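Please examine the sequence and the structure before reading each solution.

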Amino acid sequence: MVVSSALSLYSRSPSSVSITLYIVMFVVYALAQGHFVTTPYGLSVLLNNSIALAVGATSLTFVVLTGGFDLSLAGTVALTNTILSVAGFKGVGGALEALVVVCLVGAIVGTVNGLLVAYYKLQSIAVTLGTMIMTSGIALFMLNAPGGTVPDSIAYGLTGLLGPVPVAIIILVPFTAAATVLLNYTRFGIGVFAIGQDRAAARASGVNVEWTEFRAYLTAGIVAGLSGYLVSAETGTGDPRFDASFLLLAFAAVAIGGTSFRGGRGTVIGSVVGAGLLELIQKTLFAVGVSSFFTGMFEGALMILAVLVGSLGSMMAARRSAAS
Amino acid sequence: MDEVLHIGDLAKAFGATQALKNISFDIARGEARALLGENGAGKSTCVKILNGLVRPDSGTIRLSGREYRPSGLSDAQKAGVSTAFQELSLLPDLSVAINLAMPDLPTNDFNIVRFEEVRRRATATLAGYHIFDIDPASLISSLTLSDKQRLEIIRALSRNPTLLILDEPTAALTDVGWLYERIRALKAEGRAILFITHRLREARDLCESATVLRNGEVAGTVNLADTSDNELFRLMIGRSMGTAFAERPDKTGPAVKDEKEKIVLSVDGLRSGAFGPATFSIRRGEVVGVAALEGQGQRVLFNALAGIARITAGEVRINGKSVKLGSPAVAKKHGISFVPEERKEEGLFFGLLTRANVSISNIGRVSRFGLIGRKVEIDGISPVSEAVDLPSRYHDLPVDALSGGNQQKALIARVLFAGAKCLLMFDPTRGVDVGTKQAIYSVIREAASEGKSILLYSTELRELTALCDRCVVIYDNRIVGECPAESLKEEELLETMHDAHAGGAREELRGGREQRVKSL
């Protein structure tokens, strides 16, 4: 009974699986690590390592909800990271200029993806794989080996503490809230869910399917640029190569967060917590003394578990409604 | 200006198939018009054209006297044409309220959707149509099919259309009376309604007139009060009156002569979904026909026997042995092969060669050491290709390059190649040319003379009377009669359908009254 009602909660609210797991894992981590974890500095370390992934996973969420895939995230991150490390932005003003630049770069990539997928009806995986390779090609042209320096105003400004509060929280909370509002409380966001659930029905309901899908890719591109900005703050240096493991972990975070790769169901908060969970697992395993070689096994198993729990819940819901 | 809709000389072809031609009819203000016709007659193409989902090749449409050429659904809605679709167009994981408000959700100054307003409007809309048992906050996916259908209709109504199209709205509706009231109110307001249905009684209750389509053309537009059911059936059925049938060599086949001849397939009390219970059997070398109007449950029967639909009760015996048909693979193992009606969706593998499409049902026979050799494959399938009259030059072409008729031959060749002893053929001559029809007829006769048992459904009664040893008649998910070989005539089948229809109408009337009493 308890199990079945828990499962039905998980099917109704897909992000609750990852939130539950996060709390459990955090307790384990805190017990293993001692009270350092709960200090502002400890929290800040934990968040700094996962915030770029969280924003990257949010970028993917917009496209995954439409029923598509966006691989260009990895390329956009590589390109914006490279630009930040070679362009020589200086000071706080430079950090703001850089923010505008990464958003523009992301918007350009998103526009290309959106035009080709929404209006020319090309397959999203093929298109975004192409733009991913192309953008990291441009990055390699600008910086032919890892190197360069990200401005201090970004590298230190975004990773420290502001008083007792980690800057990462100051970024992440409003970001998650804004993305959630955009998806769940605007016509555009509801249109995104609509086309992911049933494209023909969305059209019959009067949704401008192409325009909505285009804007989903555009938004994903801009958010991917932000993710590149945060990656740069975290690493402090430039790397023109696209990071495939970052891309795959971002997809894993989306799945753990309960967003369906079939489209139409999911949340931003789930993806953000999913990203945090992946980072937390690494840290917890390290803290309890498990070799880091096992990290991948745990992360993979966790992802399958999260997907399984989510689908068990909806299977039981289906059986209940069939029975009644 | 009294017509709301004028359609003149509308034509549409998909590739080589002429889906519609010379379609002309008008609908006046305050008129409800039934659009009748068998599956494939062109009704859905008409609906799609009126919604801007398909562009006609030629012809004119005028809406309230103005040229009407919708570029898409929302364009059609803006022009005043609104449709309740049979395959519902509601969004499953969004709430009832959002679905009713789509796409122009009310927002505040910051473009944030005002959900309390969405909900308030939904409650008002539902109340306006006398619906109080649906919670505007519930997700569409949690509703029953009947409630979804009501919402689909409400959404179409709430757009205040000048022309309302109802595409088989009663298929899942439990309370038809509710719809009747809505439609009467619309008629009183002077709006026009196009009502697509298979149920004549509903057409009579709601509509003054009917346009019957057959084979892509208007078979007739009639005043329903002056037209008998039999006349309507006649207009609907019999899409190729011109097709000649060679008389069967022996009207009473060998199977019928010898009553003790072995029964291959017997079905006892079978139920599946809404269908059943059904009891019948097929002997060795016998062709049993299924006569039914569109949508009476015959599809479920075929799917159940093919292992696609779940059998919920009853027993299927093959050669006297009880079998469980859990999947198409199991059905095939027991020697049952299915020729489905949708060649594209359920049958052929587009993109594979024709020979691969034929041999796939028995792929072990054309492979050696696990590899498929072209020569082995072609040698293997040649006899069945010849049997269905599929020229060998097509073997190496992708199956999608073939005409519809040759695709159908390839599909039948595959079933023969599987070596099945029992063939289920669901409308095998639908949408194929006359030559292919003749080839299919001779395949059916040959297969029967070789001792195969065949269950054949056709929308064309003439095919059934010419090919079958006997026929069962299905109406409203039940077998309502059987015509033995001696009396197997079109009139006889029509009569049985008509009697069932009349009886069913009385029963439904009683049921409807009880329901009304209950709801009071």
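**Exercise 1. Determine how strand 3 and strand 9 of chain B are joined, and describe the sheet around them.**

Step 1. Strand 3 (residues 32-36) and strand 9 (residues 209-214) of chain B run parallel and are joined by four bridges. Strands here are DSSP runs of E with at least two residues, helices are runs of H or I with at least four, and both are numbered from the N terminus. Two strands count as paired if DSSP finds at least two bridges between them. Within this pair, B:Ala34 lies opposite B:Ala210 of strand 9 of chain B.

The model is predicted: local features need pLDDT of at least 70, side-chain atom pairs count only at pLDDT 80 or more, and totals for chains, interfaces and linings use all residues. Residues are numbered from 1 along each chain as its sequence is written, while chains are lettered from A and ligands numbered from 1 in the order in which they are written.

Step 2. The open sheet has six strands in the order 6-7-8-3-9-10 (chain B), with mixed pairing. Strand 6 (81-84) and strand 10 (217-223) of chain B each have a single partner strand, so one side of each is left without a neighbour in the sheet. On average, neighbouring strands of this sheet are turned by 20° against each other, direction ignored.

**Exercise 2. Characterise the packing of helix 5 against helix 13 in chain A.**

Step 1. Helix 5 (residues 72-86) and helix 13 (residues 244-256) of chain A pack at about 130°, their axes being 9 Å apart. Axes are lines fitted to C-alpha atoms, for helices over the stretch in contact, and angles run from 0 to 180 degrees between N-to-C directions.

Step 2. Helix 5 of chain A is therefore oblique to helix 13 of chain A (under 35 degrees is roughly parallel, over 145 roughly antiparallel, 65 to 115 roughly perpendicular, and the rest oblique).

Step 3. A:Leu73, A:Ala74 and A:Val77 of helix 5 meet A:Ala244, A:Phe246, A:Leu247 and A:Ala250 of helix 13 in chain A; contact requires C-beta atoms, placed from the backbone, within 7 Å. The residues of this contact comprise seven nonpolar, no polar and no charged (Ala, Val, Leu, Ile, Met, Phe, Trp, Tyr, Cys and Pro are nonpolar; Asp, Glu, Lys and Arg charged; the others, Gly among them, polar).

**Exercise 3. Describe the side of chain B that touches chain A.**

Step 1. The contact takes 20 residues from chain B and 20 residues from chain A.

Step 2. Helix 2 of chain B supplies the largest share of the chain B side, three residues.

Step 3. By class, this side of chain B has twelve nonpolar, seven polar and one charged residues.

Terms used. Contact = placed C-beta atoms within 7 Å.
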